[in-house]
Amino acid sequence: MQRALISGVAIAILCSVIGLFLVLRRYALFGDAIAHSSFGGIALGLMAGVYPLWTAYGVSLVSALVITKVKEKYNISGDASVAVLLSSGIAIGLVIIGISGGFTIDIFSFLFGSILLVSVNDTILILSLTGVILIVVLLLYRQLLYSTFNEEQAKVSGIPVEKINYLIVFMAGVTVVTSIQLVGVLLISALFVIPNVTAIMYGKGFKQTAILSISFSIFSVVAGILVSYIFDITPAGTIVLLSISLLAGTMGIKSAGLLSKN
Amino acid sequence: MLNIVEIEHLTVQYPDVKALDDVSFTVNKGDFLGIIGPNGAGKSTLFASMLGLNTKYKGKIKFFGQDIRKSKDYLKEIGYVPQKPIFEKNFPATVNDVVQMGLRQESDANKIDEILQQLWIHELSKRRIGELSGGQQQRVFIAKALVNNPKLLILDEPITGIDQQSIELFYSILRELNSKQKITIIWSSHDLDAVNQHANHVACLNRKLFFHGESDEFFENDELVKQYSEASMQEHMHHH
């Protein structure tokens, strides 16, 4: 339980921060696409008898980088490239599962998360990846923000925009696979998108928006894990529903005119 | 006299049209150069090439004596204000955030307050950029361009869609930057009168360079102005 909470909080922070850049780049579903492609990786790992998350890391990072390259080279729109990646991952996963005669029990925990079952090693891995990615984001804060705000101007001010784009995609890939244990492949984009959409509505500057988003995310994850533990329901679903209720609440406050425009 | 920019035989060929044809000119320290020309005259292509956004050109572009193909260091000495900055309307960035994006060294944070005050947008510093009027946004982008103390300011037709009062303020800010702070300015416009009033040098562009020199030399020569107006009018008719 303690491990679940610690890992959950780390993942909540990580997903909010990386998700904010993805949402602002109109790349909200990219997390979803990487998650689905990692499904292929998981199936591959289970078939080969390797720890499935390792193969998931490999497959998602390769597909994230390939799709970014393909998108650049052939000028395919963001949403179409996401759709291609998403369906390829699931298709590969299904075929592999078919070939190996199915291994339904393990697959289920990857599809919907199994945060209450994280091991000590998993927790250490989650904490270290979170630490590394947050340090990178803090160090390259200006470059990441500027190239998200306006690519052309960032280029003119000498920022290596292409490299930064690859870095974001790479960090998103690592974040997604790391977060699979918390909410599973199917609900990951909720953690990327919902707290950020909620936070953006408050009309604050970038850092405050990020802090709001992280707070909403941590609240949903911690409350979600506790509630699901007490009532013996699925944590992933509970976490996502809580974060949706925060969004709905914010929308309510906003339409009631209680949120000032500034 | 120090050459800030040297353009030598710049030619840009797009698949269906020659956007720039053998354009050469120099910009010296302290110049306030107005580049005029009708739509499609190649002003944006010229800027894109100068800023390193378009690398498919023939000829040579030098900044501070160095070929820009060899080093991108010159970008550190330039402030650029785009025509209409494109950003997500709900982007969670305040005026302060936007100016800070331009700042190379975090330690110069005081510089932000200073520049916001200078451009009369200090009281807007905590507002989101998307909530401001066109004129206010433009001043924010000038502030962002100025925050690193550039030697050269490049502005691409920066008065599109801005009210008259903001335009006047904008010109007075540019004149002050040029005369008091000795910042060299390159500014593209299709407003002949404004260039006549504010710039000290003129370049008339219509894919080819039609004239380059001191603005008095151009505007006091009725024949030149007439020729230029006719040429750009013909080009305009041809386009439609």
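This is a predicted model: local features need pLDDT of at least 70, side-chain atom pairs count only at pLDDT 80 or more; totals for chains, interfaces and linings use all residues.
# Notebook: salt bridges, an interface and some buried places

Residues are numbered from 1 along each chain as its sequence is written, chains are lettered from A and ligands numbered from 1 in the order in which they are written, and side-chain values use heavy atoms, with hydrogens and water left out.

**Entry: the bridge between the chains**

I looked up the count between chain B and chain A, which is one salt bridge. It is formed by A:Arg26 and B:Glu88, whose closest N and O atoms are 2.9 Å apart. I then placed both residues among the helices (H or I, at least four residues) and strands (E, at least two), which are DSSP runs numbered from the N terminus. A:Arg26 lies in the loop between helix H1 (2–24) and helix H2 (30–48) of chain A, and B:Glu88 in the loop between strand E6 (78–81) and H2 of chain B, so the pair joins two chains. For burial I used relative accessible area with a 1.4 Å probe and protein chains only, where buried means under 20%, exposed over 50%, and partly exposed in between. A:Arg26 counts as exposed at 64% relative accessibility, while B:Glu88 is partly exposed at 29%.

**Entry: the interface as a whole**

I counted contacts (heavy atoms within 4.5 Å) and found 27 residues of chain B in contact with 23 residues of chain A. The buried area, meaning the accessible area (1.4 Å probe) that two parts lose on being put together, summed over both, is about 2200 Å² between chain B and chain A, and carbon and sulfur atoms give 59% of it. B:Phe91, B:Pro92 and B:Met101 supply 27% of the area that chain B buries against chain A, more than any other three residues.

I also looked for polar contacts, which are pairs of N or O atoms within 3.5 Å; within protein, one must be able to donate a hydrogen and the other to accept it, and residues adjacent in sequence count only if both atoms are side-chain atoms. Across the interface of chain B and chain A there are eleven residue pairs in polar contact, with both residues at pLDDT 80 or more. On the side of chain B that touches chain A, helix H2 (95–102) and helix H4 (134–146) of chain B each supply at least two residues, and H2(B) gives the most, with five residues.

**Entry: two salt bridges inside chain B**

I found B:Glu8 and B:Lys62 meeting through their side chains in a salt bridge at 3.8 Å, N to O. This pair links distant parts of the chain, since B:Glu8 is in strand E1 (residues 3–13) and B:Lys62 in strand E4 (residues 58–63) of chain B, 54 residues apart. B:Glu8 is partly exposed, at 27% relative accessible area.

A second pair, B:Lys111 and B:Glu114, meets in a salt bridge at 3.6 Å, N to O. Being three residues apart in helix H3 (residues 109–118) of chain B, B:Lys111 and B:Glu114 are separated by about one helical turn. I noted B:Lys111 as buried at 16%, whereas B:Glu114 is partly exposed at 47%.

**Entry: buried helices and residues**

In chain A I looked at helix H7 (residues 141–149), where eight of the nine residues are buried, so H7 is largely enclosed by the rest of the structure. In chain B, helix H1 (residues 43–50) has six of its eight residues buried, so that helix too is largely enclosed by the rest of the structure. B:Gly52 follows H1(B) and has a positive phi, near 80 degrees.

I then turned to A:Ser220, which lies in helix H10 (residues 206–231) of chain A and is buried, with a relative accessible area of 1%. Its side chain reaches the backbone oxygen of A:Phe216 at 2.8 Å. Not counting residues up to four places away in sequence, A:Ser220 touches A:Ile239, A:Leu242, A:Ser243 and A:Leu246.

In helix H4 of chain B I looked up B:Val140, which counts as buried at 0% relative accessibility.

Definitions and conventions:
A salt bridge is a side-chain nitrogen of Lys or Arg within 4 Å of a carboxyl oxygen of Asp or Glu.
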